[in-house]
There are 4 protein chains.
Amino acid sequence: MSVTAKLAQQMIAAAERKADEIGVPMVIAVVDQGGNLVAQLRQDDALLVSIDLALNKAYTAVAVKIPTETLGSVSQPGKPLYGIHTADNGRIVIFGGGLPIKKNGTVIGGIGVSGGSVEQDIACAEAGLAAYKQ
Amino acid sequence: MSVTAKLAQQMIAAAERKADEIGVPMVIAVVDQGGNLVAQLRQDDALLVSIDLALNKAYTAVAVKIPTETLGSVSQPGKPLYGIHTADNGRIVIFGGGLPIKKNGTVIGGIGVSGGSVEQDIACAEAGLAAYKQ
Amino acid sequence: MSVTAKLAQQMIAAAERKADEIGVPMVIAVVDQGGNLVAQLRQDDALLVSIDLALNKAYTAVAVKIPTETLGSVSQPGKPLYGIHTADNGRIVIFGGGLPIKKNGTVIGGIGVSGGSVEQDIACAEAGLAAYKQ
Amino acid sequence: MSVTAKLAQQMIAAAERKADEIGVPMVIAVVDQGGNLVAQLRQDDALLVSIDLALNKAYTAVAVKIPTETLGSVSQPGKPLYGIHTADNGRIVIFGGGLPIKKNGTVIGGIGVSGGSVEQDIACAEAGLAAYKQ
C-alpha cells in the first residue's frame with residue numbers, strides 16, 4: 001500500500017491550513033513509498049528554494065525512514081552520518097520538516113514542508129500527517 | 001501577474017476530471033511565469049516518467065511561449081530547431097501536452113500533462129486551461 | 001514587476017565601478033523574480049568560479065528572500081539550516097555577496113557578486129543595489 | 001588573446017540594436033576562448049529557454065570552432081556527426097545563432113543569440129560579430 005493522490009491532497013490541505021494559521025506561505029510535498037512525487041503545492045509568495053526543499057524533505061523521510069530532523073541530529077560535523085547531506089544526488093535534507101508516513105509500522109510515503117522557520121515547517125508537516133492518522 | 005496556487009489547483013482539478021473521463025491516470029503540473037512549480041498532482045497508477053514530463057512540458061510551454069506540440073513540429077530532424085530537445089538541462093519537451101497560460105496575450109504560466117497518448121495528454125491540458133479561461 | 005534589462009545593466013555598471021575602485025575583478029549577475037538570469041558580466045581576469053557563484057548568489061537571494069550572508073549565519077554547523085548549501089541542485093550559496101532587490105517590500109530580483117573577499121563582494125553588491133534605490 | 005569584457009559589451013550592444021530593429025527580444029551571450037561566460041544579456045520578455053540556448057550557442061561555436069549552423073548541417077540524422085547535440089553535458093547546440101570570434105584566424109571567443117527564428121538569431125549574432133570586426 002502506498003499514499004494515494006486523494007490522501008496526499010488531504011494532507012496538503014491540512015498542512016495548508018496550518019501554514020495559513022501561522023501566517024507564512026509554504027511549499028508542501030507528498031511522495032509515495034518509492035520516494036516519487038504524488039502531489040505538491042506552492043502557496044502564493046512561498047520561497048523558490050522551498051520547491052526543492054519540500055520535495056526532498058519528503059523524499060528524505062522515505063529514503064531514511066525517519067524524520068529529517070532526526071537525521072540532522074546524527075549528521076552534524078563530528079556525528080556518525082556527517083556528510084550524508086551531499087549523498088543521493090543532493091536530495092538528502094538534514095533539517096526538520098520531512099516526516100515518514102506510516103501504516104502499521106510500514107513507511108508508505110513521506111511529507112515535506114518548507115517555507116518558514118524549521119519549527120514552523122515541522123508544525124505544518126505534523127498537521128499534514130495528522131490528517132492521515134485521523 | 002502570475003498563476004496563483006488557487007488557480008493552479010482549479011486547473012489541475014479540471015484536467016483530472018478529463019483524465020477520469022478518458023480513463024487514463026495522468027500527472028498534471030502548473031508552473032508560474034518564471035517556470036517554477038506552483039502545483040503538481042500524480043493520479044494513482046500514473047507513469048513515473050510522467051512526473052518529469054508533466055513538469056517539464058509546463059516549463060517548456062513557458063520557456064518557449066508556445067504549445068509543446070507546436071515546438072515539436074519545428075524540431076523534428078531536418079527542421080529549424082532540431083536538437084532543442086536536449087537543451088536547457090534536458091527540460092525541453094517536444095511533444096504535445098504543454099500549453100502556455102496567457103492573460104491578455106502575456107504568458108503568466110504553463111500547464112503540462114503526461115500519462116496517456118499525446119492526444120490524451122493534450123485533451124487534459126486543454127481541459128485544465130479551459131478552467132482558467134472560464 | 002520584475003527587474004528589467006536596463007535596470008540590470010545599470011546595477012552591473014555601478015557594481016563594476018566599485019570593483020574597479022577596490023581593484024579586484026569581479027563577476028556580477030542580476031536575476032529576475034523567478035530567479036532567471038537578466039544580465040551577467042565577468043570583468044577581465046575575474047575568477048572562473050565566480051561565474052557560477054555570482055549567478056547563484058543572485059539566485060539564492062531571490063530563492064530565500066534574504067542576503068546570502070544572512071542565510072550563511074543560520075546554516076553553519078549546528079545551526080538550524082545546516083546542510084542547505086547542497087540543496088536546490090547546488091544553486092544555494094551561503095556566504096555574502098548576494099542581495100535581494102526589493103520594490104515596496106516585494107522581491108523583484110537579486111544581484112550577486114563574486115571575485116574578491118566576501119567583504120569586497122558584498123561591497124560591490126551593495127553598490128549595485130544602490131544604483132537601483134537611487 | 002581573448003575576448004575582453006569591454007569588447008563583449010560592445011558586441012552585445014550591437015546585437016541588441018539589431019534585435020530592436022527586428023522587433024524580437026533576444027538573449028545575447030559572449031564567451032571567451034575557454035568557452036566561459038564573459039557577458040550575457042536577456043532583453044525584456046525574451047524567452048526563458050534562450051538563456052540556456054544563447055550561452056550554449058556561444059560555447060558551441062568556441063568548442064567546435066565553426067558556426068552552430070554549420071555544425072547543424074553535419075549532425076542531422078544520417079550525417080557524420082549525428083548525435084553530437086547530446087554531447088558535452090548537453091551544451092552543444094546544432095542550429096544557427098552561434099558564431100566563433102576570430103582574430104587572425106584564431107578563435108578567441110564566441111557569440112550566441114537566441115530568441116527569434118533561427119534566421120533572426122543569426123542576423124543578430126552577425127551584427128554582434130561585426131562590432132568586433134570593425
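Colleague: Which side chain makes a polar contact with the side chain of C:Asp32?

Modeller: The partner is the side chain of D:Arg42, at 2.6 Å. A polar contact is a pair of N or O atoms within 3.5 Å; within protein, one must be able to donate a hydrogen and the other to accept it, and residues adjacent in sequence count only if both atoms are side-chain atoms. This is a predicted model, in which local features need pLDDT of at least 70, side-chain atom pairs count only at pLDDT 80 or more, and totals for chains, interfaces and linings use all residues. Residues are numbered from 1 along each chain as its sequence is written, chains are lettered from A and ligands numbered from 1 in the order in which they are written, and side-chain values use heavy atoms, with hydrogens and water left out.

Colleague: Is C:Asp32 buried or exposed?

Modeller: C:Asp32 counts as buried because its relative accessible area is 11%. Buried means under 20% relative accessible area, exposed over 50%, and partly exposed in between (1.4 Å probe, protein chains only).

Colleague: Where is C:Asp32 found, and what is it in contact with?

Modeller: C:Asp32 lies in strand S1 of chain C, residues 27-32. Helices (H or I, at least four residues) and strands (E, at least two) are DSSP runs, numbered from the N terminus. Leaving aside neighbours within four places in sequence, the contacts of C:Asp32 (heavy atoms within 4.5 Å) include C:Val38, C:Ile108 and D:Arg42.

Colleague: Moving to chain D, which side chain does D:Ser114 join in a polar contact?

Modeller: That of D:Ser50, at 2.8 Å. D:Ser114 belongs to strand S4 of chain D, residues 106-114, and is buried, with 4% relative accessible area. Beyond its neighbours within four places in sequence, D:Ser114 is in contact with several residues, among them D:Met26, D:Leu53 and D:Asp121.

Colleague: And B:Lys6: buried or exposed?

Modeller: B:Lys6 counts as exposed, because its relative accessibility is 60%. Its place is in helix H1 of chain B, residues 5-22. B:Lys6 and B:Ala130 are 124 residues apart along the chain, and their C-alpha atoms are separated by 15 Å.

Colleague: Now chain A as a whole. How many helices and strands?

Modeller: Chain A has four helices and four strands, following the order α-β-β-α-α-β-β-α along the sequence. Buried residues make up 57% of its 134 residues.

Colleague: What does the C-alpha trace of chain A span along its principal axes?

Modeller: About 40 × 35 × 25 Å. As for contacts in chain A with a separation of 6 or more, 63% are accounted for by residues 24 or more positions apart.
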